[in-house]
Amino acid sequence: SAATLKNALAKKQPGIGFWLTFNAPSICKTILAGGGFNWALIDAEHGQITDSDYYALTNLVASSGASPIIRVPYDLEWMIKRALDSGAHGVMTPMCHSADDARRIVQYSKYPPRGTRGYGPMFSAHSFGLQEKEYPAGADDNLLVIVQIESRKAVENVEEIAAVDGIDVLFIGPYDLSKFLNVQFGSEEHEAAIQRTLKAAKAAGKTAAIFCTSGEQAKMRLSQGFEMVSIVTDVGALAAAFDRELAAVRGV
Ligand code: 3PY
């Protein structure tokens, strides 16, 4: 299961994943049981997930054959370190606004001499099916560094961000993007920013990715050339199913 997503992307297969926000291995396992995903996002930015949940969730996702990606709350060195040390196959940072931000994130994600990641591979090895001593040699190359493009400043700098060596994926956060652009979700300006990011990623040979809220939307993005998409969040799917059935019984 090691590096499932990275291998899929290298073979030009779509990376199809979902968002986990509950700190509940039982929910995670239920979703993964059917198979078919090549990544899952463990959300410690907006989700109910924190450091002490990481290890169980990364290993559970990896055991199903998908790549566990952790979204850290912020792009701080210690946060990235704790995510990677817990067995994430990739780290996602919110709010990357510039090439300087991107270079810092790469630095935090790589061991010396490339970067400044501290040495502590005792637990990171397990989700790759490796022993501690086998992990460090491949870590810099196997881990995905994923930055979110979700602000006006990020879109203005997106070609430079895409060119930063060590950045693997530009991941659009469309909800924050609409807020930071101060335009309606789905408006012409919103879509233009999305398309500019897609183009910049492709021109730099990086993976273009976007958060979606349905399989249909994700399919549409794949047809536009995006290579990595999420379909739903655990909480979103659960809430929608309950709303729908409650409305049915109440007859509204
Ligand atoms: C956004 O749409 O802003 C995201 O980051 C997805 O959670």
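Modeller: Helix H9 (residues 174-181) packs against helix H10 (residues 188-203) at an angle of about 120°, and their axes are 10 Å apart. Axes here are lines fitted to C-alpha atoms over the stretch in contact, and angles run from 0 to 180 degrees between N-to-C directions. Helices are DSSP runs (H or I, at least four residues), numbered from the N terminus. H9 and H10 are therefore oblique to each other; oblique is what remains once under 35 degrees is called roughly parallel, over 145 roughly antiparallel and 65 to 115 roughly perpendicular. Pro-174, Leu-177, Ser-178 and Leu-181 of H9 meet Glu-189, His-190, Ala-193 and Ile-194 of H10, contact meaning heavy atoms within 4.5 Å. By class, this contact has five nonpolar, two polar and one charged residues.

The model is predicted: local features need pLDDT of at least 70, side-chain atom pairs count only at pLDDT 80 or more, and totals for chains, interfaces and linings use all residues. Residues are numbered from 1 along each chain as its sequence is written, and side-chain values use heavy atoms, without hydrogens and water.

Ala-192 is also in H10; at 46% relative accessibility, Ala-192 counts as partly exposed, that is, between buried (under 20%) and exposed (over 50%), with a 1.4 Å probe and protein chains only. Ala-192 and Phe-211 lie 19 residues apart in sequence and 16 Å apart in space, C-alpha to C-alpha.

Definitions and conventions:
Helices (H or I, at least four residues) and strands (E, at least two) are DSSP runs, numbered from the N terminus. Ala, Val, Leu, Ile, Met, Phe, Trp, Tyr, Cys and Pro count as nonpolar, Asp, Glu, Lys and Arg as charged, and the others, Gly among them, as polar.
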